[in-house]
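Here are a few notes to read alongside the structure. Take them one at a time, and keep the picture open as you go.

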Amino acid sequence: MPMTLSPAFCPPLFSRPTLSAVALALSLGLAGCASGPQDNLSLVPSRLDQETRQDGLFTQPVEWTRERPGCEGECPKLVVKSLAFPGHPRLTELVDHALASMTWIDTQNPVPYDTLAGFEAYYWKTAGPRDEVHLTARTRYRNERLTVVELDAGQYRTGMAHGITGSQLLNWDNAAEKALTLDNLLAPGARPAFDAALRAEHGRWLDQHADAIDNRDTFNRMWPFASSDNAGLTDLGLLVKYQPYEIAPYAWGQPELLIPYDHLRGILRPQFLPPQS
């Protein structure tokens, strides 16, 4: 059975694509994650990521590539390029657990493992000869108070036309040692305003890709705007990342929309906005 996490160990919601084949849902407990930091101290300093990350949590790479033990010829492969956070076991364990959970695409049954070690054992028993799984964790933003981790899972199953990919942004409060959902980041009642700001950014994003769209009306019918909870704080604004097929064709990959902080005043809670100069 999946591990049940305490309120202080809660992950962000996973943005689910409309196609179930790409729904790499994180089966993590979210009960008790309704509140974020209560003080008025800004957790996003008005400095660039290159300046703030040196004050952030120390990270240690966890990287390895393995094939099924004892296999000869065509063999399934597992590639991990993850992170550990020395001195912060809760975050290290959450990243490990989340990556493992993102490999499970059977939404009708519970995940039969809850760690990468558990997934690896399951994978060697079930993988086809040309299966490949690539799991990656990297920091997208960090300072002394926040750590934003991007988790990516890519899977190719023998016989598929192309692989399955999924992404998850994790916002971690270093002091409280807990993950923050989008609801934790937004001011009370601000979800409609957030959706409107995201829709406006989506329109600007389409304008930047106008040369790749033969007919804008047809594109909008096939790939309509959709809101998402898969959001991460950065030095420049709130990054919202989509799964393949969610708002664009598969060939467009995983689209990213960045809402600048100037467009988020009154939408994000004050502690998640950089100080105004």
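Predicted model: local features only at pLDDT ≥ 70, side-chain atom pairs only at ≥ 80, totals over all residues.

1. Now look at the next pairing. β8 and β9 are also joined in the antiparallel sense, over 5 bridges. One of the facing pairs here is L239 with L258 of β9. In general, strands of a sheet pair through backbone hydrogen bonds, in either a parallel or an antiparallel way.

2. Put together, these pairings give an open sheet of 3 strands in the order β7-β8-β9. From one strand to the next, the twist averages 25°.

3. What packs on the sheet? Helix α5 (residues 191-208) does, touching β8 and β9, and its direction makes about 120° with that of β9. The faces of β9 are worth a look too: L257 and I259 are on the covered face, while E256, L258 and P260 are on the uncovered one.

4. Finally, turn to T103, in the loop between α2 (89-101) and α3 (116-126). Is T103 buried or exposed? Its relative accessibility is 1%, and buried means under 20%, so T103 counts as buried. Among the residues T103 touches are Y113, F119 and R157. A polar atom of the T103 side chain also lies 2.6 Å from the backbone oxygen of A100.

Technical notes:
Residues numbered from 1 in each chain as written. Heavy atoms only, no water. Pairing = 2+ DSSP bridges. Helix = DSSP H or I, 4+ residues; strand = E, 2+ residues; numbered from the N terminus. Axes fitted to C-alpha atoms, helices over the stretch in contact; angles between N-to-C directions. Contact = heavy atoms within 4.5 Å. Buried < 20%, exposed > 50% of the residue type's maximum accessible area, 1.4 Å probe, protein only. Polar contact = N/O pair within 3.5 Å; in protein donor to acceptor, adjacent residues only side chain to side chain. Lists of a residue's contacts leave out its neighbours within four places in sequence.
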